[in-house]
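Biologist: I would like to learn how to read aromatic rings in a protein model. Could you walk me through it?

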Amino acid sequence: MPDYMKVPFNLPPRTGSEGKYIAEAISGEKLSGDGPFGQKCQSWFEANLPASKALLTPSCTAALEMAAMLIDIRPGDEVIMPSYTFVSTANAFVLRGAKIVFVDIRPDTMNIDEKLIEAAITGKTRAIVPVHYAGVSCEMDVIMEIANRHRLYVIEDAAQGMMSYYNGRALGTIGHMGSFSFHETKNYTSGGEGGLIMINDERFIERAEIIREKGTNRSQFFRGMVDKYQWVDVGSSHLPSELQAAYLWGQLESAQEINDVRLAAWKFYEKMLRPLENEGCIELASVPSGCAHNAHMFYLKTEGLEERTALLEYLKRREIMAVFHYVPLHTAKAGLDYGRFHGADHFTTKESERLVRLPLWFGIEQSAQQHVIDAIFEFYQ
Ligand SMILES: *Cc1c(COP(=O)(O)O)cnc(C)c1O
């Protein structure tokens, strides 16, 4: 393999049928949100995953914002989540005035440590937001049991978790609500941006439609359930374009194939890098039994921050784009203003500084993966 082979970090998934569906969407007389492709996509989620109600949104961020409105988060309320996550997990609740209470993660999955949640609950706690990092499930039985006992809501941030399962149940369908992302970096995309809210508790369906349609009962009006449509609640514009839905349909049709192909690439990295782990050079992700993941991400862990910086630099010189994320939210400027960390930060900062994400996308060639693997072996030589 030539040394000059360039390997990007990510390429958005594409099946080839997206263009055909977009052409179909614009060929009709009418083009509007919640059109035929929007309905088809939502029905797919309700049938296949399944949810009581699936509603497409412009992003996962928008889906989380809808969830915060649906459970009536008010100033002073507290919401529990990991600090090792994307900003939107917190921002959606901060926008409603909540204080974010961060708890530590488990080093094996980088997910919220379910054993630390109960001690972080106060009289003001309203919700728990588990984030399924890398599409590997949080310990949902324990989390749901705690939530039920304390009468809290569970909103799953399943941005990375579409087509992943926890003891046979699809991620995003276990909590009261769940959210998916169709951003270009995720396993499925609706043309660069997009998302979906899964409503699993039927009590929220009617209001979810209203909040999504600017606080109006427009959906009920179109179904003939009310004779005029008007402002009935808070809300915003959380309905995506039909073009996004048409693009997404081109991927949902091949959802299983995309998942299988990603998993094969993920397993190739795992098999080839396992010897380096056995030698004690790196650590690989562990997937708890009962979790079937979607190969959203392949990561390894270095000894620490210095070694990670050196490895990323080494790969970059070979034009291999490996990356890291997240700066823990509780250490970031806004995190200090809007949140607090409950208990000790044993793993959040330390483990986040060791993590390296390798290039992985739907259709990555094995030769590109081999190039990455060779470079990592050379680094540790
Ligand atoms: C990608 C991501 C989001 C945000 O998704 P958007 O669709 O870009 O709004 C939220 N949470 C997590 C954990 C993510 O990975």
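Biologist: Let's begin with burial. Are Phe-45 and Phe-182 buried or exposed?

Modeller: A residue counts as buried when its relative accessible area is under 20%. In this predicted model, Phe-45 is buried, and Phe-182 is buried as well.

Biologist: Where in the chain do the two tyrosines lie?

Modeller: Tyr-133 is in the loop between strand 4 (125-128) and helix 5 (140-150), while Tyr-299 is in strand 12 (residues 299-301), so their pairing ties together parts 166 residues apart in sequence.

Biologist: Why do Tyr-133 and Tyr-299 count as buried?

Modeller: The cut-off is under 20% relative accessible area. Tyr-133 is buried because its relative accessible area is 1%, and Tyr-299 counts as buried because its value is 4%.

Biologist: How many aromatic pairs are there, and which residues do ring pairs link into a cluster?

Modeller: The count comes to 15 aromatic pairs. One cluster linked by ring pairs holds Trp-44, Phe-45, Phe-180 and Phe-182.

Biologist: What about charges? Which rings have the charged end of an arginine over them?

Modeller: Here we look for a charged end above a ring. The charged end of Arg-308 sits over the ring of Phe-324, 3.9 Å from its centre. Likewise, Arg-318 has its charged end over the ring of Tyr-314, 3.8 Å from the ring's centre.

Note on methods: Residues numbered from 1 in each chain as written. Predicted model: local features only at pLDDT ≥ 70, side-chain atom pairs only at ≥ 80, totals over all residues. Heavy atoms only, no water. Phe/Tyr/Trp six-rings, centres within 6.5 Å; stacked < 30°, edge-to-face > 60°. Buried < 20%, exposed > 50% of the residue type's maximum accessible area, 1.4 Å probe, protein only. Helix = DSSP H or I, 4+ residues; strand = E, 2+ residues; numbered from the N terminus. Lys NZ or Arg CZ within 6 Å of the ring centre and 35° of its normal.
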